[in-house]
Amino acid sequence: MRAWLPYESIADAEAAIGKIPENVEVDLFTGGDDGWPDSIAEVEFLVMPYMQGTGPLDRVAEMTSLQVVQTQTAGYEGVIDLLPAGVSLCNAAGVHDTATAELAVALALDNGRKLDVFARNQPEGRWKPQWGNSIADQRVLIIGYGHIGKGIEARLSGFETASITKVASRARDDIRGVDELDQLLPEADVVFVIAPYTPRTDKLLDAEKLALLPDGALVVNVARGKLIDTEALIAETGSGRLRAALDVTEPEPLPADHPLWRAPGVVISPHIGGAASSFEPRIGRLIGEQLRRWAAGEELLNKVN
């Protein structure tokens, strides 16, 4: 059994994931300019190097023994379409929940309390107070009530919001359905977007939907940029009617001359939702568990297909 793991050395791999099963041979594959192992026709278990898109699958046609591909991201758009029939895809659902939920709330606070403005004033020593927007007493809408959506809700529990309304693909219990957005958006002051990207959610918040939000509402997107119509968002933020805090954009990376960078009331971080200290121990535990399960012929976690 042969696996490709995204570490610089076997020692680094075992420090991260624990002891490698005795029946597994490991080659190191970090992608980028580090080259491809000679065992490309023998690899059976491939862990995708982090934040390299689908590049690690450029030679997937030569991976004639491939059985399992494990991503280090929860999203897998683009990856699944490249896999030959019979190859299992597993994602990293759960690994990024904590860090992404933290960032979503941090972006809302940053935007509302003008922390980005104060940071820009700091190098010049400008003491210029500004009135801000609290999360307290605001009506919150969470679009995409999965693991990260639940994490956002949990982190908002101490912020004294007026209400928290949860939206998923279908209504159930106290969760509203995405088909109810026309009724929900006019009653939302802060909207967290964390729904998965699918053909159905492409431009989920288009010009018509954004227009339903009340003046001054804040849209926080930590999902995928394509869930929001970029041109419509530019129009709404450019006029000052809406505010936005974005960890993801469309296009991405956002070109330096893109108008979103300079739109009033917009805060942008460069897609770093999972890029925090919580990532490495959690992804290490997942990769280690998956490798041991695969070596033992047991059911894998987070199977997508």
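## Cavities

The lining of the second largest cavity comprises 4 nonpolar, 3 polar and 1 charged residues, where Ala, Val, Leu, Ile, Met, Phe, Trp, Tyr, Cys and Pro count as nonpolar, Asp, Glu, Lys and Arg as charged, and the others, Gly among them, as polar. This is a predicted model, in which local features need pLDDT of at least 70 and side-chain atom pairs count only at pLDDT 80 or more, while totals for chains, interfaces and linings use all residues. Residues are numbered from 1 along each chain as its sequence is written, and side-chain values use heavy atoms, with hydrogens and water left out.

The residues lining the second largest cavity are Ala108, Gly112, Asn133, Ser134, Ile135, Val190, Leu218 and Arg243, and its volume is about 40 Å³. A cavity is a set of points, on a 1 Å grid over the protein atoms alone, where a 1.4 Å probe fits but cannot get out; lining residues have an atom within 4 Å of a point. Grid points are joined across faces, edges and corners, and a volume is the space filled by probe spheres set on the points. The count is 2 cavities of 30 Å³ or more.

The largest cavity holds about 50 Å³ of space. Its lining consists of Asn221, Gly225, Ile228, Thr230, Leu233, Leu246, Val248, Thr249, Glu250 and Leu260, which divide into 5 nonpolar, 4 polar and 1 charged.

## The seven-stranded sheet

An open, parallel sheet is formed by 7 strands in the order β8-β7-β6-β9-β10-β11-β12. Because β8 (175-177) and β12 (266-268) each have a single partner strand, one side of each is left without a neighbour in the sheet. The average twist from one strand to the next is 20 degrees. Strands (E, at least two residues) and helices (H or I, at least four) are DSSP runs numbered from the N terminus, and two strands pair if DSSP finds at least two bridges between them.

Strands β6 (residues 139-143) and β7 (residues 163-168) run parallel and are joined by 5 bridges; isoleucine 143 has valine 167 in β7 as its bridge partner. Helix α2 (residues 97-112) packs on this sheet, touching β9 (190-193), β10 (218-221), β11 (243-246) and β12, and its direction makes about 140 degrees with that of β11. Contact means heavy atoms within 4.5 Å. Axes are lines fitted to C-alpha atoms, for helices over the stretch in contact, and angles run from 0 to 180 degrees between N-to-C directions.

## The five-stranded sheet

A further open sheet has 5 strands in the order β2-β1-β3-β4-β5, with parallel pairing. Its edge strands, β2 (25-28) and β5 (88-90), each pair on one side only. Neighbouring strands are turned by 15 degrees against each other on average, direction ignored.

Strand β1 (residues 2-5) pairs with β2 in the parallel sense over 4 bridges, and arginine 2 stands opposite glutamate 25 in β2. Helix α8 (residues 279-295) packs on the sheet and touches β1, β3 (45-47), β4 (68-70) and β5; the direction of α8 makes about 170 degrees with that of β1.

## Backbone geometry

Most residues other than glycine have a negative phi, and most peptide bonds are trans. The peptide bond from glutamate 250 to proline 251 is cis, with omega near 10 degrees, and proline 251 lies in the loop between β11 and β12. The bond from glutamate 252 to proline 253 is cis, with omega near 0 degrees; proline 253 is found in the loop between β11 and β12. Aspartate 173, in the loop between β7 and β8, has a positive phi of about 45 degrees although it is not a glycine.

Notes:
On a 1 Å grid over the protein atoms alone, a cavity is a set of points where a 1.4 Å probe fits but cannot get out, and a pocket is an open set with protein on both sides within 12 Å along at least five of seven lines; lining residues have an atom within 4 Å of a point.
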